[in-house]
Protein chains: 2
Amino acid sequence: MQSHRVTIKDIARELGVSPSTVSRAMKDHPDISPDTKKLVNDLVEKLKYRPNALALSLRSRKTNLIALVVPEIVHHFFSSVISGIEEVAQEAGYHVMIFQSNESYEREMAIAESLTSIPIDGLLVSIAKTSRKFGHFRDLMNQGIPLVFFDRASEEIDTDKVIVDDFTGAYNAVEYLIRTGCKRIAHFGAPQHLQIGYQRKRGYISALEKHGIEPVEDLMIKCDSLAEALELTPGIMRLDKPPDAIFAVNDLTASGAMKVLKQLRYRIPDEVSVIGFTDGLVASIIDPGLTSVSQHGFEMGKRAMSMLLQRMDVLEEDVPARTDIIPTELIVRESTRALPGS
Amino acid sequence: MQSHRVTIKDIARELGVSPSTVSRAMKDHPDISPDTKKLVNDLVEKLKYRPNALALSLRSRKTNLIALVVPEIVHHFFSSVISGIEEVAQEAGYHVMIFQSNESYEREMAIAESLTSIPIDGLLVSIAKTSRKFGHFRDLMNQGIPLVFFDRASEEIDTDKVIVDDFTGAYNAVEYLIRTGCKRIAHFGAPQHLQIGYQRKRGYISALEKHGIEPVEDLMIKCDSLAEALELTPGIMRLDKPPDAIFAVNDLTASGAMKVLKQLRYRIPDEVSVIGFTDGLVASIIDPGLTSVSQHGFEMGKRAMSMLLQRMDVLEEDVPARTDIIPTELIVRESTRALPGS
């Protein structure tokens, strides 16, 4: 058996400090006291610890450039995340270059490939819907580039992640509808192979079951765009027992449902309540205003960039990967009824 | 007097071919016939023509990376432009990296500075509102990087440009309102130091005057955001002679005006017609649908990228800069009345 290679963690454990402190002490960081630096450096010498040479050599070519790979920037959620990322990046003196994968695995790979020729200090990624393999991102990590996933993460790659609590967001939205008196709640959902589709539907079903309402197959449809909502809402309202509420997987789908409901002369929210998910611009400009689950995209972007800054400050091999979960919040507007007694 | 330095144009003129043909012949491009290549190379030798050495050396390090600097990607118009740029770039095998200036001159300069350390093949820019100096972009051009401006261009830099015909777009919108019977048309405009603010107001005034309607100061206000429209629309409707139409400088402002008009129980379009400018997502999701001036952002993006590809194919010093003007189009929806007889 090969002997255990000394890592930063061993040194940190021995001295009772964090790996980040060890890393910074070795880099002569001003935040670390001279005493600690001496302790660290003596032990480094004694244990003959050598940091990953490649990582250090790449790290030393500091460019202040961060690459960001997102499925598409048109989506309001991603543009909020980007604003959050840029706020933190700018404060820390970094520039963010944005690449769009357009939900294509091939483009994502090609972008990762071209990133090998650009000197970047770090990488933020939300993966494309069609990506099932992630070697292209692992290659960049192996070159010593710190990587943080946000919103859509790969389970295969062990690195820092910031994700949204979709399940609880959906659960709370549907529970709110139930508490305002809705009994037949439809769900306009996304494809189930996507985490957001799966988790939001799971939250919807859990809330129904918790309140003793049997989920009805006819009321759960795949419908996750404006165009589909315009096409499918009339049919669901023609059911023998039409819904008295619609929980849509995103705001645009909810806005399409509302447009149809108004054309069919349903009163919103009295006859049919509607809730979306995103809480983007759409939610506040449509009439009536749309109750929606806020994903706090801006906050997610700030956290992802903060995690990346920390990761760039220590050697990634030596600190375990973390996962941050961003809570959601139900923003109540006029498309849902008031809670009893409020 | 110094003798005239031989340029690609001289060679092209002498042979009766285009400068682009000369450039490609010198690079042994497969589209150029062997005969032409021989003619070009013989003359190049005879005239001792030497292309700009710096430009050629930088050009030869082909990275297939294009840098794009935009004020903000959240804006629907810019995200359409970006889609057009990416469509053409992708077909030609280029990747687009996007930087946001957030309308800040300082950030724009810092981005340009960091671009000097990235090997890019070309640059597309829409300048920030606050930029009054452009030396940072001239520096990049002097490094041999071809530059195309789109939407917001600097008059100071002699390079290719793609711009929108804002004047005619506004003129046609206001003329349409007049032809549908509107007589007191208000304009919610942008600051006049911005080209879009200035040109759209100029188009508005020209259309009124052409039809013998005197422009009224009270009906022309600075109001170019959703929030401002919510705040200022009630006041303008309380005038002794309130408007029977509103022409807004963008869709979001128009949507805010419509929200207020509906709250005040005005019938749209019978009592008050509304026209926006952008023709983004907002125009089709609000109720009634918003008549709006389409800027053809997608088309603009495609043209800008095509111009850049052409520019990368020839030496920029040798072909005069061009300006492409994208026509606008009035997309009629339900927020305006029908034309008489239609």
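1. Let's start in chain B of this predicted model. Strand β10 (residues 291-294) of chain B is joined to β12(B) by three bridges, and the two run antiparallel. To find the pairing by eye, go to S294(B): its bridge partner in β12(B) is E329(B).

2. That pair belongs to something wider. Chain B has an open sheet of six strands with mixed pairing, in the order β7-β6-β8-β9-β10-β12. Which strands stand at the edges? They are β7 (220-222) and β12 (329-331) of chain B, and each has a single partner strand, so one side of each is left without a neighbour in the sheet. From one strand to the next, the twist averages 20 degrees.

3. Now look at what lies against the sheet. Helix α9 (residues 195-210) of chain B packs on it, touching β6 (185-189), β7, β8 (245-248) and β9 (273-278) of chain B. The direction of α9 makes about 170 degrees with that of β6(B).

4. On to how the chains sit together.

5. How many residues of chain A are in contact with chain B? There are 26, and they meet 26 residues of chain B. On the chain A side, α5 (76-91), β2 (95-100), α6 (105-115), α11 (251-263) and α12 (281-285) each supply at least two residues. The largest share, five residues, comes from β2(A). By type, this side of chain A divides into 14 nonpolar residues, eight polar and four charged.

6. The copies meet through the same surface, because 100% of the interface residues of chain A are also interface residues in chain B.

7. Last, the nonpolar cores. In general, nonpolar side chains tend to be buried together in soluble globular proteins. Here the largest core has 89 residues, and L68(A), L124(A), L68(B) and L124(B) touch the most other members. Take L68(B): leaving aside residues up to four places away in sequence, it touches I82(B), I85(B), V96(B), M97(B), I98(B), F99(B) and L124(B). There is also a second, separate core of 82 residues, which includes A170(A), I196(A), V293(A) and Y204(B).

Technical notes: Residues numbered from 1 in each chain as written. Chains lettered and ligands numbered in written order. Predicted model: local features only at pLDDT ≥ 70, side-chain atom pairs only at ≥ 80, totals over all residues. Contact = placed C-beta atoms within 7 Å. Helix = DSSP H or I, 4+ residues; strand = E, 2+ residues; numbered from the N terminus. Nonpolar A, V, L, I, M, F, W, Y, C, P; charged D, E, K, R; others polar. Pairing = 2+ DSSP bridges. Axes fitted to C-alpha atoms, helices over the stretch in contact; angles between N-to-C directions. Core = buried A, V, L, I, M, F, W, Y, C linked by C-beta atoms within 7 Å. Buried ≥ 20, exposed ≤ 12 C-beta atoms within 10 Å, placed from the backbone.
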